[in-house]
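This report describes a protein fold from its overall dimensions to individual residues. Please consult the sequence and the structure shown below while reading.

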Amino acid sequence: MLSDFLRSLRAPAFDWIQVEVTSFCNASCNYCPHTVFRDAWTSRHMTLETFKRLTPAFKKTKLVYLQGWGEPFLNPDFFRMAGIAKHAGCRVGTTTNGIVLDKDTIDRIIRTGLDVLTFSLAHTEPCSDFIRTGARLDMVLAKIRMTAAAKRMAGADKPAVHVAYLLLRSNREEVKKLPELLKGLGVDQVVISTLDLPLSPELEREAFFPRTEEEYEELQSVLEAVRIEGEHAGIPIHYQIGYAGRRRVLCSENIEEAVVIAANGDVHPCVFMNLSAPDAQPDRLTFGNINNQPLDDIWRTKAYRRFRKSFYQDRLSPRCLRCSKMFIT
């Protein structure tokens with residue numbers, strides 16, 4: 001119908017859609033909301049029916065990232081979901097702790113054509129395994145090697161293997177060993193970030209958030225040395241630092257051209273507005289649910305448009321004003 005055609009022309013084009021395919025997790029990382037709020041956390045898998053409601057939006061999306069506050073491969077429909085997004089013409093990626101990956105799963109990842117497989121890390125020494133209970137360092141490294149070997153065996157160049165490294169204050173020296181640790185493992189890219197969502201007094205102390213130029217330059221110097229060493233090892237390493245003295249116009253979550261879909265179908269501007277523990281996040285921001293309304297209609301609601309405009313009008317919500325993502329340099 002003509003109305004459907006005109007509707008498609010008005011549909012938003014996204015840089016990426018982040019889809020929380022599950023909020024279940026099989027690890028207990030001490031910095032994760034899933035762990036901090038374990039007693040109040042609601043774990044759920046996104047249903048295939050809910051996921052399929054995003055198919056029209058996928059046709060105008062560059063990247064679909066299947067990850068939220070959980071381990072994506074726990075969802076029994078993960079590969080069907082990845083296949084749907086690939087069929088729509090999107091690049092597809094995910095982030096994993098590696099626990100459930102085995103040879104069969106990795107082979108299936110390659111056959112599905114997953115574009116990016118990111119492994120999460122937060123330390124480079126086995127003695128720090130307590131930080132990520134259940135996701136031991138040696139295990140994650142073994143899964144990275146397994147993935148590289150499977151790609152060679154299949155003659156495949158995908159998925160690109162990435163590492164998301166979380167820098168914590170208590171083990172800051174360990175980051176210097178990252179290039180040597182990953183050298184020769186087949187890692188295509190590393191992104192180092194700091195703790196953006198500290199949810200307890202203990203985690204506040206773990207978060208790097210420089211408040212003076214001197215603190216910022218000191219941290220940048222350490223990370224720049226790591227970047228250069230990574231370059232020598234053939235591993236591109238990027239880093240993100242927040243600095244309290246430099247506020248961005250737009251947050252680094254790209255709220256103008258990206259969106260987050262929670263496991264229950266709720267639509268959020270970013271992952272930090274989506275915690276499955278309502279009592280822990282009274283300022284949780286949701287603009288609708290894709291089970292009740294198409295995503296492009298939700299995107300055009302007055303409330304969502306007002307939220308996006310607030311960044312240009314300096315009328316940010318209190319939650320955004322204090323978010324470290326507004327200070328990523």
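In which sense do strand 8 and strand 9 pair, and over how many bridges? Strand 8 (residues 189–194) and strand 9 pair in the parallel sense, over three bridges. Strands are DSSP runs of E with at least two residues, helices are runs of H or I with at least four, and both are numbered from the N terminus. Two strands count as paired if DSSP finds at least two bridges between them.

The model is predicted: local features need pLDDT of at least 70 and side-chain atom pairs count only at pLDDT 80 or more, while totals for chains, interfaces and linings use all residues. Residues are numbered from 1 along each chain as its sequence is written, and side-chain values use heavy atoms, with hydrogens and water left out.

**Overall fold**

The secondary structure of the protein comprises 13 helices and 11 strands. The radius of gyration is 20 Å, close to the 20 Å that the globule rule gives for 329 residues, so the protein is as compact as a globular protein of that length. This radius is taken over C-alpha atoms, and the rule is 2.2 Å times the number of residues to the power 0.38. Along its principal axes, the C-alpha trace spans about 60 × 50 × 40 Å. Buried residues account for 53% of the 329 residues; buried means under 20% relative accessible area, exposed over 50%, and partly exposed in between (1.4 Å probe, protein chains only).

Nine strands form an open sheet with mixed pairing, in the order 9-8-7-5-4-3-1-10-11. Strand 9 (237–239) and strand 11 (267–268) stand at the edges with a single partner strand each, so one side of each is left without a neighbour in the sheet. Within strand 1 (residues 14–19), five of the six residues are buried.

| Strands | Bridges | Facing residues |
|---|---|---|
| Strand 8 and strand 9 | three bridges | Val 191 and His 238 |
| Strand 1 and strand 3 (residues 61–66) | five bridges | Trp 16 and Leu 63 |
| Strand 1 and strand 10 (residues 258–261) | four bridges | Val 19 and Ile 261 |

**Helix 7**

Helix 7 (residues 137–154) lies across strand 5 (116–121) and strand 7 (160–167), and runs at about 165 degrees to strand 5. For such angles, axes are lines fitted to C-alpha atoms, for helices over the stretch in contact, and values run from 0 to 180 degrees between N-to-C directions. At 1.5 Å a residue, the 18 residues of helix 7 should span 26 Å, which agrees with the 26 Å between its end C-alpha atoms; the expected span is 1.5 Å times one less than the number of residues. The buried residues of helix 7 include Leu 137, Val 140, Ile 144 and Lys 151. These buried residues pack against partners including helix 6 (103–112), strand 6 (132–133) and helix 8 (178–182). Gly 155, which follows helix 7, has a positive phi, near 65 degrees.

**The nonpolar core**

The largest nonpolar core holds 98 residues, of which Tyr 31, Leu 182, Ile 192 and Leu 295 touch the most other members. Such a core is a set of buried Ala, Val, Leu, Ile, Met, Phe, Trp, Tyr and Cys residues joined through side-chain atoms within 4.5 Å. Leaving aside residues up to four places away in sequence, Leu 295 touches residues including Phe 14, Ile 17 and Ile 261; contact means heavy atoms within 4.5 Å. Trp 299 belongs to helix 11 (residues 295–299) and is buried, with a relative accessible area of 8%.
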